[in-house]
Amino acid sequence: MRKTIAVLALSLLASHVMAAVSPEEAAKLGTTLTPVGAEKAGNADGSIPAWTGGIPKNAGAVDSKGFLADPFASEKPLFVITAATVDKYKDKLSDGQVAMFKRYPETYKIPVYPSHRTVNLPPDIYESIKRSALNVKAINDGNGLENFTGNRYYAFPIPKNGVEVLWNHITRYHGGNLRRIITQATPQTNGSYTPIRFEEEVAVPQAIPDIDQAKAANVLSYFKQSVTAPARLAGNVLLVHETLDQVKEPRLAWIYNAGQRRVRRAPQVSYDGPGTASDGLRTTDNFDMFSGAPDRYDWKLVGKKEMYIPYNSYKLDSPSLKYDDIIKAGHINQDLTRYELHRVWEVVGTVKPSERHIYAKRHMYIDEDSWQVALVDHYDGRGQLWRVAEGHSQFYYDHQVPAYTVETLYDIIAGRYIALGMKNEEKNSFVFGFAAKAADYTPAALRAEGVR
């Protein structure tokens with residue numbers, strides 16, 4: 001009997017360190033599934049096409065500033081959903097999108113275009129994804145990752161539950177080290193706003209040659225954000241060490257305050273702490289549609305469904321636009337948006353009884369091809385729909401990177417919103433793969449970054 005128990009114990013121990021999915025299941029990646037885990041086949045009526053490898057790196061022209069030509073510029077909407085027709089399409093819209101039609105019946109619209117499955121990634125990222133499928137396991141009640149080594153991307157390409165789907169968004173490919181200059185707006189109800197300008201860097205340990213990899217073993221990325229306008233905020237700098245298991249090792253954050261000329265720890269830069277210069281319109285974990293630790297929620301995987309989501313938003317990124325063309329009263333200029341029918345993973349996060357957060361529930365829809373969160377409905381403690389997020393995305397085909405063009409978060413109760421990520425008026429588009437040094441992401445480096 002003891003021998004049997006010992007054998008069983010060894011078996012259970014072995015199963016704990018075995019592959020996250022079987023080799024047979026992982027073999028679906030690149031065959032019946034795309035290399036990132038999406039369904040390769042189209043839908044029954046062909047309105048969602050089969051994935052045939054995405055669009056090529058030369059799908060369009062790239063201007064001198066790095067802005068991409070719209071490869072679908074000649075297309076017209078198949079139809080436009082308005083407040084008068086929304087009931088006809090409700091089964092493919094989120095509750096938040098439907099609420100936006102009720103809140104802004106005269107101006108909110110959803111122009112629906114033909115669907116294009118544009119996303120493809122570099123070969124080495126596909127290799128990392130296959131390795132993740134075979135090795136990575138969730139630990140600490142899903143709040144940490146085991147065996148997530150090397151080029152750490154897409155922890156669970158064949159997910160089995162809600163938190164694994166969310167981890168794919170958190171660990172998705174950003175193009176290596178990313179540098180960008182973007183603008184944020186928090187318009188008043190009449191549409192007036194003051195642009196907030198950020199210079200940001202995201203660097204990953206595996207792309208920092210001089211980093212101490214042992215010390216960075218639990219670090220997913222390093223994030224640095226400098227405010228450069230308006231003048232009253234200019235010079236403030238935020239540094240974040242984003243940890244993988246934030247229960248084991250909480251996110252580390254520091255702020256350099258230009259007025260005080262001091263570097264301080266910033267524990268408030270997490271969860272529902274206020275977002276930088278957001279006028280109270282977003283939380284820290286609203287950044288990137290969702291970021292940070294998943295531990296305060298129970299994540300339920302509802303399944304997959306077809307929905308109209310923002311996609312291939314090249315028009316919205318045009319350098320010919322001014323921010324005034326985009327920012328309007330109530331919501332961004334929907335004439336500049338593009339929505340397509342795509343399959344999404346539906347996940348509902350509900351705050352655990354032992355935890356607190358201003359969002360009691362988050363209803364998320366995550367694109368199967370990019371693993372980017374496309375839509376989120378946020379509910380308050382009374383169960384009332386409060387904020388509606390839309391991630392307007394595009395595929396940077398020249399670098400094979402999916403990313404957000406503009407993130408919007410609409411407060412349908414207050415009638416205000418925040419739009420983050422615009423770069424139309426900047427001198428350059430995103431810079432992918434820049435050379436990063438470990439010393440750039442230390443608290444000591446913040447003072448040099450700040451400008452009074």
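Biologist: Quick one first: what counts as a pocket, and what makes a lining residue?
Modeller: A pocket is an open set of grid points with protein on both sides within 12 Å along at least five of seven lines. Lining residues have an atom within 4 Å of a point. Keep in mind that this is a predicted model.

Biologist: Then which residues lie nearest the centre of the second largest pocket?
Modeller: Phe148, Arg152, Ala217, Asn218 and Leu244. The lining has 18 residues in total. By class, 7 are nonpolar, 8 polar and 3 charged. The volume of this pocket is about 300 Å³.

Biologist: And what volume does the largest one have?
Modeller: About 1,000 Å³. It is lined by 48 residues, and Phe223, Gln225, Leu238, Val240 and Phe287 are the closest to its centre. Strands giving two or more residues to that lining include β7 (219–229), β8 (237–243) and β16 (401–411).

Biologist: How does that lining split by class?
Modeller: Into 24 nonpolar, 15 polar and 9 charged residues.

Biologist: Switching to the backbone. Where is the cis peptide bond?
Modeller: From alanine 229 to proline 230, with omega near 5°. Proline 230 sits in the loop between β7 and β8. Most peptide bonds are trans.

Biologist: What about phi at tyrosine 271?
Modeller: Positive, about 50°, although tyrosine 271 is not a glycine. Its loop runs between β10 (262–265) and β11 (297–310). Aspartate 288 lies in the loop between β10 and β11 as well, and its phi is near 65°.

Biologist: Is aspartate 288 buried or exposed?
Modeller: Buried, because its relative accessibility is 16% and the cut-off is under 20%. Tyrosine 271 is also buried, with a relative accessible area of 16%.

Definitions and conventions. Residues numbered from 1 in each chain as written. Predicted model: local features only at pLDDT ≥ 70, side-chain atom pairs only at ≥ 80, totals over all residues. Heavy atoms only, no water. 1 Å grid on protein atoms, 1.4 Å probe; cavity = no way out; pocket = protein on both sides within 12 Å on 5 of 7 lines; lining within 4 Å. Points joined across faces, edges and corners; volume = space filled by probe spheres on them. Helix = DSSP H or I, 4+ residues; strand = E, 2+ residues; numbered from the N terminus. Nonpolar A, V, L, I, M, F, W, Y, C, P; charged D, E, K, R; others polar. Buried < 20%, exposed > 50% of the residue type's maximum accessible area, 1.4 Å probe, protein only.
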